[in-house]
Amino acid sequence: MKTIDKSEEVKKNSKEDQTETQKETSDKDQKETRKENPERGNTEAQKETRKEARDKKKSAGSPSGDSSEAGQEALIRFENVGKIYRTGQIVYEALHNVNLTIMEGELVVILGPSGAGKSTLLNLLGGLDGATSGKIYFGGEDITSFDDNRLGKFRAVDVGIVFQFYNLVPTLTAIENVDLMQDLGVKIMDPLKALEMVGLADRKDNFPSQMSGGQQQRISIARAIAKMPRLLLCDEPTGALDTNTGKEVLQILQDQSRVHHKTVVMVTHNALFADIADKVVMVKNGTVVEVIENENPLSAEDLNW
Ligand SMILES: Nc1ncnc2c1ncn2[C@@H]1O[C@H](COP(=O)(O)OP(=O)(O)OP(=O)(O)O)[C@@H](O)[C@H]1O
Ligand SMILES: [Mg+2]
């Protein structure tokens, strides 16, 4: 494990740096995306932007420039979390004694075999289901103590979710699918801007059936990020996609962490994705068996997949 420097000065500098980077990079990204190929997001300028954001994140981490978690704050903390499902007479312990810390802005990949408890963990992270025991802290607040109303607000405001099969409304266009959140009373950014962020502003009037799987997944990411949540949860987001399309989706998710400083937690069966994560959480038989910190995560576009 790396040393965590909690000095206030480092935290402050890191935040200022991040705001600057965010402004610079989103302007640059948007211009390049429009000028070159809006579909790919892999222009030289964009690669450079990602590299700058990554280097800046690293140097903000430590005054000496080594990669560490200094300057970042814990967004999520699991303390001895357990989850038991009861169906009639059947009792199943899906998670037991899970301890886990996720830092603000981190890209976390949760890996493990089928039935290990990955989706259960993700559901607890997003307040979609309650823990049977233990505590879950989000930004210092114990969400296991929230009543239904407070938990509903937490889910609506702080959590964006991307599913394997997109979950778009087939009778609504791309922009209407993004705007849907607003209809549900959640404050969101301009839906067109959200579509621009995933390189699909020009497809705003297309229905889901008129788009490829990768494009539909990007619309669902636009919908999740439009409300500017602090936490983006993704359950097998590339599970239904081919390699190239999957990489594009991974790149967008990685940029949410690197460029836009969102905390992104992704569940997958694909062990290769460990290479792009800041932190890899290995789950087996309902418990976290290993947490690996990646000093130098790969850029999704360079993933050997
Ligand atoms: N609502 C539920 N009621 C009863 N058992 C459940 C429920 N949800 C999950 N489980 C059980 O908990 C265990 C963990 O399930 P979970 O969906 O978290 O696994 P997973 O790691 O996401 O698997 P996969 O990779 O196949 O999606 C499984 O044995 C599953 O059958
Ligand atoms: Mg699952």
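## Exercises on a predicted model

In β9, the residue that forms a bridge with L111 is M282.

**Exercise 1. Find out which strands pair with β9, and in which sense each pairing runs.**

Step 1. Begin with the L111–M282 bridge. Strand β3 covers residues 107–111 and strand β9 covers residues 279–284; they pair in the parallel sense over four bridges.

Step 2. Now look at strand β10, residues 287–293. Its pairing with β9 is antiparallel and runs over six bridges. Within this pairing, K284 stands opposite T287.

Step 3. Inspect the turn. β9 and β10 make a hairpin with two residues between them, and N285 in that turn has a positive phi of about 45 degrees.

Step 4. Continue past β10 to N296, which lies in the segment after that strand. N296 counts as exposed because it has 8 C-beta neighbours inside 10 Å. Between N296 and D278 there are 7.8 Å from C-alpha to C-alpha, with the two 18 residues apart in sequence.

**Exercise 2. Work out the strand order of the open sheet formed by four strands, and name its edge strands.**

Step 1. The order is β2-β1-β4-β5, with antiparallel pairing.

Step 2. Check the ends of that order: β2 and β5 (141–142) each pair on one side only, which makes them the edge strands.

Step 3. Strand β4 (residues 133–138) meets β5 over two bridges, and Y137 has D142 in β5 as its bridge partner.

**Exercise 3. Locate the centre of the largest nonpolar core by asking which members touch the most others.**

Step 1. This core has 63 residues, and V108, I110, L195, A222 and V265 touch the most other members.

Step 2. Ask which element contributes most. Helix α7 (residues 213–226) gives six residues, the largest share. As background, nonpolar side chains in soluble globular proteins tend to be buried together.

Step 3. Take V265 as a test case. Beyond its neighbours within four places in sequence, V265 contacts I102, V108, I110, L122, L125, L231 and L233.

Step 4. Turn to helix α5 (residues 174–183), whose buried residues are A174, I175, N177, V178 and M181. These pack against α6 (191–197) and α7. After α5 comes G185, with a positive phi near 90 degrees.

**Exercise 4. E236 and H261 have a positive phi without being glycine; is each buried or partly exposed?**

Step 1. Recall the background: most residues other than glycine have a negative phi.

Step 2. E236, with a phi of about 50 degrees, sits in the loop between β7 (231–235) and α8 (243–258). Its 19 C-beta neighbours inside 10 Å make it partly exposed, because a residue needs 20 or more to be buried.

Step 3. H261 has a phi near 60 degrees and belongs to the loop between α8 and β8 (263–268). With 20 other C-beta atoms within 10 Å, H261 is buried.

**Exercise 5. Decide where the model calls for caution, using the pLDDT.**

Step 1. Take the chain as a whole. The average pLDDT is 83, and 76% of the residues score at least 70.

Step 2. Draw the conclusion. Where pLDDT is low, the predicted coordinates should not be read in detail.

Note on methods. Residues numbered from 1 in each chain as written. Chains lettered and ligands numbered in written order. Predicted model: local features only at pLDDT ≥ 70, side-chain atom pairs only at ≥ 80, totals over all residues. Core = buried A, V, L, I, M, F, W, Y, C linked by C-beta atoms within 7 Å. Buried ≥ 20, exposed ≤ 12 C-beta atoms within 10 Å, placed from the backbone. Contact = placed C-beta atoms within 7 Å. Pairing = 2+ DSSP bridges. pLDDT = per-residue confidence, 0-100.
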